[in-house]
Amino acid sequence: MADLLLVEAVNDALHVEMERDPSILVMGEDVGKLGGVFRATAGLQDRFGADRCVDTPLAEAGILGTAVGLCMAGWRPVVEMQYDAFSYPSLDQLINHVGRYRWRTRGTMTFPLTIRMPYGGGVRAPELHDDSPETYYVHTPGVKVAIPSTPSDAKGLLAAAIRDPDPVVVLEPKLHYRTAKEEVPAGEHVVSLGVSRVAREGSDLTIVAYGAMTHVALGAAEALADEASCEVLDLRSLKPLDEDGLLASVAKTGRVVVVQEAPRVCGFAAEVAAVLAEKAIFDLHGPVIRVTGYDVPYPYWQIEDAYMPSVERVVDAARRVLSA
Amino acid sequence: MSRVLPAEADLRRVIGDGEAIPDGEVDGLAADDLLQLYRNLVLLRTYDERSVVYHRQGRIGTYAIFWGHEALQAGSVFALEGRDWIFPAYRESAIGLLRGIPVSTVLSWWRGHPSGWWNPTEYNVASICVPIATQIPHAVGFAWGSALKGEDRVALTLFGDGATSEGAFHEGATFAGVTKAPVILFCNNNQWAISTPLSAQTAAPTLADKAIGYGIPGVRVDGTDVLAVYEATRDAVLRARAGDGPTFIEAVTYRAAPHATADDPSMYVDADRVQEARENECVGRYARYLTRLGVLSDSLAEKIKTEALEVMRAGIAQAESEPPADPSLVFEHAYVDPPPSQHADEAELRRILGG
């Protein structure tokens, strides 16, 4: 065990997995000599060589498109998209090929690639360095999505993604790259996809969150401690979704607030609310309320805090559910 | 370090016209090779012509015609070894016939039946790529990844003139250049992207000129001259195997047929130019060359055509005898390890269909 920052845990996972499996190849913009703009890939090129830690041209669709071809040649590419919104040009390859190629070959070829990227706001960055694009990925058939909130899960979910036979997108909360620090298991550490984590136990209300919003949910639960016993469920993986974990928590509390940083319409919180409407309606004592980013472009950073779901907004929503 | 020369302005040609333009020849091709090439051309031509008929008869769905483009497919593939991979666009839907993919399989693809989706590793032919140009980075990644593993495999990817306007072409060619991937970027410049002429597609004097910007040699070849295509591709394969990286080949043709069975080119095309292209079409042109060479007789040509027609008859019969696809195949192979929700969906479908 070692105390690691979240970004260090990502780096640790890459070292451990590349050591374990010589078919893993890390590729992306500035991932080699520089070690990535966040240093998530630091040391990999020195350790594994320039053939297995590749500085690519600045071309996201080309990165993901050639990664598809690398899979066909027997590699397990781990692709870094430098920032959340920088990944949009690669959606062409993601939607048209990454999520479909195995199906297209009727299961005779597999595409075990991993796409990882820092995501989310709150870091006082220029436009398009702040997005939460998980919906685009979750909505794509054939693709799985994991979002850690802690260093241990950042390591374990990335390892699971790399080992998974299907394409997996891992969104890493950049806001917490260097703020979250905890003991992380040394060596091989895998957190299975599709298993949620109870980040705080409670009995009156469940706050469902993932990634950076888990920390906001925990803040709200603490702020409400004198009023209600709030459970915080960190989904960790959006696809596969741990429906059993979600339904078990809601069966216990009967009240739900879902928090997501992305814009509201058709966001993942809507999916959670729909699952609850279909499968837990008789357990619910009040409406399922979403606390999300607004349906606007991510704002100028001087006023970005007004956009981000805050402890205050989650507390307000929780009180509305609790009083219903 | 090889130097990238300016793209060749002139079209490479081997086959003459039997009159003023003399015939050339390609080193290393024996009479048997020349005849095999002819069989390949006739198979593709017959496949294409019969497919249009099958479509009109309602036996296959919308079909993308490749009439007149047989030489560039047969010629380029003939320069490869079996271990080399082909990454086709939909215009080359039947190119796998040259690698042993059954006619019935390709027809089933156009019939929308699951049996039309082949195993690429069985034939070293990637799946038919419908979105334009997006197969180019796949071929580049495959070739690059094979070279990294020390394997001697070349990738050939085919695409049209319109595809060179796509970002995927630009990014794929960029990667090909910097990785020195053993890949051949093969462009079928048939002058049309549905109704959009090349003049509206690019201001580049030739498409081969585009290659220079990626540090890749650009070659222009007469796409209706199967021997010139073969020779140009063979040169590119040799470069790739020698570690000298990719080559861009612009095969100049003219689309003398509709884009697809749903298209009406009379709304936009130049009828005289179509007529000229049809008179100079690649299969007849090669047949006349072989006849002048004394390799092909009328009776042998007739026999080869009859064999191809028989292969097609058997192929459509086989495709039509496929049992109806099981609707639960809807769920098949989307994931190796599907999310639990998929099992519930599949159970629901079975219940509804069963009830």
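Predicted model: local features only at pLDDT ≥ 70, side-chain atom pairs only at ≥ 80, totals over all residues.
**Entry 1: chain B overall**

What share of the contacts in chain B with a separation of 6 or more comes from residues 24 or more positions apart? I looked it up and got 78%.

Next I checked the overall dimensions of chain B. Its C-alpha atoms fill a box of roughly 75 × 50 × 40 Å along the principal axes. I then compared the radius of gyration with the globule rule: a compact globule of 355 residues would come out near 20 Å, and chain B has 21 Å, so the two agree. I also looked at burial, and 49% of the 355 residues of chain B count as buried.

For secondary structure I noted 13 helices and seven strands in chain B.

**Entry 2: where the chains meet**

I turned to the contacts between chains. On one side I find 39 residues of chain A, and on the other 34 residues of chain B. On the chain A side, the elements giving two or more residues are α3 (60-72), α4 (91-98) and α5 (101-104). The largest share, nine residues, comes from α3(A). I sorted the chain A side by residue type and got 16 nonpolar, 14 polar and nine charged.

**Entry 3: the nonpolar core**

Which residues touch the most other members of the largest nonpolar core? I wrote down I207(A), A217(A), V257(A), V259(A), V314(A), A318(A) and L41(B), out of 201 residues in that core. Helix α9 (residues 226-241) of chain B gives the largest share, nine residues. A general reminder for myself: nonpolar side chains tend to be buried together in soluble globular proteins.

Leaving out residues up to four places away in sequence, V314(A) touches I207(A), V216(A), A217(A), A220(A), V257(A), V259(A), V291(A) and P309(A).

**Entry 4: strand β4 of chain A**

Is strand β4 (residues 76-80) of chain A mostly covered or open? Mostly covered: five of its five residues are buried. I went through the faces of β4(A) and found R76(A), V78(A) and E80(A) buried on one side, with P77(A) and V79(A) buried on the other.

Then I looked for its partners. Strand β2 (residues 24-28) of chain A runs parallel to β4(A), joined by five bridges, and I24(A) stands opposite R76(A). Strand β5 (residues 114-119) of chain A also pairs with β4(A) in the parallel sense, over three bridges. There I found V78(A) opposite T114(A).

Definitions and conventions: Residues numbered from 1 in each chain as written. Chains lettered and ligands numbered in written order. Core = buried A, V, L, I, M, F, W, Y, C linked by C-beta atoms within 7 Å. Buried ≥ 20, exposed ≤ 12 C-beta atoms within 10 Å, placed from the backbone. Helix = DSSP H or I, 4+ residues; strand = E, 2+ residues; numbered from the N terminus. Contact = placed C-beta atoms within 7 Å. Rg over C-alpha atoms; globule rule 2.2 N^0.38 Å. Nonpolar A, V, L, I, M, F, W, Y, C, P; charged D, E, K, R; others polar. Pairing = 2+ DSSP bridges.
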